[in-house]
Amino acid sequence: MLIILGPTATGKTRLAAAVAALTQGEIISADSRQVFRGMDIGSGKDLSDYVVSVKKVPYHLIDIAAPGEEYSVFRFQNDFLKAWKDITNRNSLPILCGGTGLYLESIINGYRLIEVPANHELRISLQNLSMEELTAKLTLYRRPHSTTDTIDRDRILRAIEIEKYHYDHPEIAAEMPAINKLIIGVKLEREEIRQRITKRLKERLDQGMIAEVSNLINSGVSPESLLKYGLEYKYITQHLLGQLSFDQLFTLLNTAIHQFAKRQTTWFRRMERNGCPIHWIDGMLAESKKVEMTLDLMKQANITY
């Protein structure tokens, strides 16, 4: 399997599609919000990227869940395995592409998650603890995956619940199938990413991103659900609720996406420090050169197609 990752706005999907078009490849999306139907502009679901020289590249794990649903890493792993088996059974090349570090790492590290049942007794024992005490409790098991883990009470309670279950049941850990993986990262200088993010945000607002969120709310998706999806859906929902002016929306959202890209970069660097080999390609190179370099690395890694 080929894996193409990188921070937002680096052009990784276009590279993945260009490689797929030459290798009988099919793309498996590793994006935590593109799984939802109707969340198109805000999640960057640029489906035109999957059309290369009139050829439509097959893709998976996009538009597979209803907006407002909970979609977990456990569900992603199961959906990934179904897609991966389907692609390989047809002798095509799976290409995992995205920027959601937790999803990518769950496949790269080969540790199969399980569905953890609710632990009502544990929840009761934790209900009177402060956020600081809950964070300390989670840290006993692992470092929080993201800042959201430590600012959202429901998420930190669920994280503790999951980690305690794994701690109490070490025998149920299951391995992912052995997959020959090549990991390629697309990198850009931070200032280039910043400029692309701001330009893209303006374009998406012009394309009707606010109307998209309004339509989701009018269709019955609760504002509370949209707030939990973060970034575009959080700030635009706040704008529609009258909590932010348009100028405040743009400024705060632009800053938040810049910070998100920085966190992605930090996540990938941590993966490398932990022994995950990522072959970085300069995102400013011509598309043909990036494809050529990718194909050369695939040959060296015995990734056949």
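Reply: A residue is called buried when its relative accessible area is under 20%, exposed when over 50% and partly exposed in between, with a 1.4 Å probe and protein chains only. The model is predicted, so local features need pLDDT of at least 70 and side-chain atom pairs count only at pLDDT 80 or more, while totals for chains, interfaces and linings use all residues. Numbering runs from 1 along each chain as its sequence is written, and side-chain values use heavy atoms, leaving out hydrogens and water.

Glu212 belongs to helix α8, residues 209-218 (helices are DSSP runs of H or I with at least four residues, strands runs of E with at least two, numbered from the N terminus). Glu212 is buried but forms no salt bridge (a side-chain nitrogen of Lys or Arg within 4 Å of a carboxyl oxygen of Asp or Glu), and Lys45, the nearest side chain of opposite charge, lies 7.2 Å away (Lys and Arg count as positive, Asp and Glu as negative, with His and the chain ends not counted). Setting aside residues up to four places away in sequence, Glu212 touches Gly38, Met39, Asp40, Ile41, Gly42 and Tyr233, where contact means heavy atoms within 4.5 Å.

Elsewhere, strand β6, residues 93-98, has 6 of its 6 residues buried. Leu93, Ile95 and Cys97 point one way from β6, and Pro94, Leu96 and Gly98 the other way. Strand β2, residues 25-30, runs parallel to β6 and is joined to it by 6 bridges, with Glu26 standing opposite Pro94.

Note on methods
Two strands pair if DSSP finds at least two bridges between them.
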